[in-house]
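Please open the structure in your viewer and keep the selection tool at hand.

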Amino acid sequence: MASSRAGARRFGAPSSLANETSSPLFRSLLDRMDEHRRYEILDLGAATPSNIDFFARYHCRLHIADCLNQLVALKSGEETTETQIRQRVKGMLPPHEDLRFDVVLAWDVLNYLDKPVLRALMEDLATSVDRDTQLHAYVYPRQTMPIRPSRFRIFPDGGLHIEPGSQELCPSPCYRQPELEKMMPNLVVKRSVLLKNGIQEYLFRGK
Amino acid sequence: MFDKSVLKPQGEKSPKPDDKTDTTATLGASGPAEGYATRPRGDAATIGPSIRIKGELSGEEDLTIEGLVEGSVNLEKNHLTIGNNGRVHADVRAKTVTILGELRGDVAGNEKVVIRKSGNVRGNIVAPRVSLEEGAMFKGSIEMEPNKAGAAASSTRTDTSTSSAPKPSKPEEPPKGVEARA
């Protein structure tokens, strides 16, 4: 924990570490990463200095999609068909037809997307997911969540700091495991843990 | 496709629009020795904000781009800075690359690539060390090579807390000029 605090200061994180989480599943994912193996890692969120620094220790290609805000803004409705949603989602992701991702960081993705958008995203990623793929995500199981997605920063020791996107709250979709697995047919929950801060941590693996 | 008045030493007065004489004298491709004789060693050549280049840009001295460059940029042994006003829609290779403006294209840095907080990059990066400042925009992939990076982690952390652009490294030899080919 001491080293996490040092990391927070180093990267300019807020002095309050109330939102720091131990994230045991994320740590277990990191523990299984072999420094001698090459990895393809997809981060669906925005580029963050500390996260790039962290993954620099691995032999990997880090794909930063920076598409979360665009995905959140994409709403299904009468004027947007599912085909259009699929096309737009595809355009937001980096080309990945020839890739197989080992790790997908989908930290706030499951909380903020419309169901058709989430289904389209998972459908598009399916071509790059196999049994060795692991997808890490957080889900708000309570009634409310911050009105905007959070920022996630990895400390040098593998701890994660969750920086809420807003103090304002909005209703949360409160997804349960069966519902998530239904929307993500190519993935299955490997492990799930309720963290002290009330957030549910999920580690999925490809089928 | 490119304006020959584009390459001028940094700090030199901008030429009047109708005055071609001074600027053509500084064009590396046509007459580097004469043109660069007046430039202090270590200063980077600058492509000014009103300049547009389409084609292949290469050279053996440091370069700052404040204008628009489309095509490719190759400064294998030197430092490339894409300034705050710079827009580069090209694949880029240089010894070190510092980005404060916009880059659309792939980047190969022989030593390192730095994206400053005002930088906006869409493309793939291959470099032993990659540093990104808080607030910088990046969409693409980064090829991580820890063995080549050595002590990269500590260096990048230092970089992220620095807001000023690094000074271009001083060349061992006098500048040889920058070449632009349409």
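Begin by selecting A:His96, which lies in the loop between helix H5 (82-92) and strand E4 (103-105) of chain A; helices (H or I, at least four residues) and strands (E, at least two) are DSSP runs, numbered from the N terminus. This is a predicted model, in which local features need pLDDT of at least 70 and side-chain atom pairs count only at pLDDT 80 or more, while totals for chains, interfaces and linings use all residues. Residues are numbered from 1 along each chain as its sequence is written, chains are lettered from A and ligands numbered from 1 in the order in which they are written, and side-chain values use heavy atoms, with hydrogens and water left out.

Is A:His96 buried or exposed? A:His96 is buried because its relative accessible area is 3%, where buried means under 20%, exposed over 50% and partly exposed in between (1.4 Å probe, protein chains only).

Next, show both chains and select the residues where they meet, 26 from chain A and 16 from chain B. The area buried between chain A and chain B is about 1,800 Å², with 51% of it given by carbon and sulfur atoms; buried area is the accessible area (1.4 Å probe) that two parts lose on being put together, summed over both. On the side of chain A, select A:Pro49, A:Ile52 and A:Asp53, which lose the most area to chain B and together make up 27% of what that side buries.

Stay at this interface and look for its four salt bridges, each being a side-chain nitrogen of Lys or Arg within 4 Å of a carboxyl oxygen of Asp or Glu. A:Arg38 forms a salt bridge with B:Glu143, and their closest N and O atoms are 2.4 Å apart.

Then select strand E3 (59-64) of chain A, one of the elements that give two or more residues to the side touching chain B; E3(A) gives the largest share, six residues. E3(A) is joined by five bridges to strand E12 (residues 137-144) of chain B, and the two run antiparallel; strands pair if DSSP finds at least two bridges between them. Within this pairing, A:Arg61 stands opposite B:Glu143 in E12(B).

Finally, move to chain B and select strand E5 (residues 68-82) and strand E6 (residues 87-99), which run parallel and are joined by 12 bridges.

Methods: Contact = heavy atoms within 4.5 Å.
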